[in-house]
Amino acid sequence: MSLRRPIVQVMGPSGRDLVGLWGATLAGLTITDKAGYESDEAVIRIRDVPPRWSAPAKGTQYSIHVGWETGAMALTGLYTVQRVAFSGSPDHGTLMEITCRAADFLDRLKEVDSEHFDGQTVGQIVQTLAGRMGVQAVVSSAVAGISIPYRMRFQQSAGDFLTRLADDVGAIIKPQAGRLLVQKRGAGESAGGKALPTITVRHDPLYEFRAEIEPRPEYRDVESGWIDPKTGLRTAKRVAGGFQSSRLQLVHPYASEGEAQSGADAAAQEHGRKSASASFSMPGRGDATAECRVAASGFGADIDAVPWIAASVTHEIAPDHGWVTTIECDTKGAGSKK
């Protein structure tokens, strides 16, 4: 059986593929796609010796495509240079590592401010903040219409404020390719509502895996509260957790009945997601992305039966040598509605 060879293209600002220019000095790439606020990352490793090495300027943009020699190429993302590190040792030689992030507006996400939002939806709040940053917001229809009667932002960065808002409604927010994406956590869909591919992982003794089914307190339901403005009393909302044990009560009250319901839903789902974790390695898969569904096969009933969701995807690529994709997973959990 002939071995497959991975192909990598790194397109620079001039539109030229830099892999041919780097040649044998390209030691490899590590590309990481994560769910949530943390930006995707690409690390390019180049073997060279001082003083010949020349670092790209901060802010230089690259687009990276990967694929197998006999297949189609997949765009992993658009990346901006953030920092460069140089190292050397007698055993491993000299190396230049170029670390790039997928978002080119990270500084704007870190800007701190205070304000409040009255009678708006999740979609309207996200669109407002994205507009100030000068970027496009893509908000899943599953969360865009959720009503937020009142939301205070006090001395918070835009990224922190939006992350907490997303957590409260069971969503994730992510800067990607110059856009701000908001999608329902664990839905197996893109922010635009398109179904993400299901990645089937089959047991292969040549590749590593680890799965951990962790016993945790199993709540029969989750209770959140809100202050009813008509009575001034705290009123409870409950969401079934799917287990047979005690109740999980959320401490802080929400501003409205709708927010309390969303908060209970999100807490039930998050608790379920953390009940199991796994890491699967496999031959390179360009279609694997964070939040896609993962179907395990051949690992035994305890692992195969779990509805795995990709929390992060890492590609380790060494041109002319190999390409390994590792998916870190958690689970949808019994508290999840979908």
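This is a predicted model: local features need pLDDT of at least 70, side-chain atom pairs count only at pLDDT 80 or more; totals for chains, interfaces and linings use all residues.
Which residues in H3 meet which residues in H5? The views below take that up, along with the cysteines and the overall fold.

View 1. Residues are numbered from 1 along each chain as its sequence is written, and side-chain values use heavy atoms, with hydrogens and water left out. On the H3 side (residues 122–133) you'll find Ile-125, Val-126, Leu-129 and Met-133, which meet Ala-158, Phe-161, Leu-162 and Leu-165 in H5 (contact: heavy atoms within 4.5 Å). Sorted by type, the contact residues are 8 nonpolar (Ala, Val, Leu, Ile, Met, Phe, Trp, Tyr, Cys or Pro), with no polar and no charged ones.

**View 2. How H3 and H5 cross.** The axes (lines fitted to C-alpha atoms over the stretch in contact) come within 11 Å and cross at roughly 160°, on a scale from 0 to 180 degrees between N-to-C directions. H3 and H5 are therefore roughly antiparallel (over 145 degrees).

**View 3. Cys-329 and its neighbour.** The whole structure has 0 disulfides (pairs of cysteine sulfur atoms within 2.5 Å). For Cys-329, the nearest cysteine sulfur belongs to Cys-292, 7.7 Å away.

**View 4. Cys-100.** Cys-100 counts as buried too, because its relative accessibility is 0%. Across the protein, buried residues make up 46% of the 338 residues.

Conventions
Helices (H or I, at least four residues) and strands (E, at least two) are DSSP runs, numbered from the N terminus. Angles under 35 degrees count as roughly parallel, over 145 as roughly antiparallel, 65 to 115 as roughly perpendicular and the rest as oblique. Buried means under 20% relative accessible area, exposed over 50%, partly exposed in between (1.4 Å probe, protein chains only).
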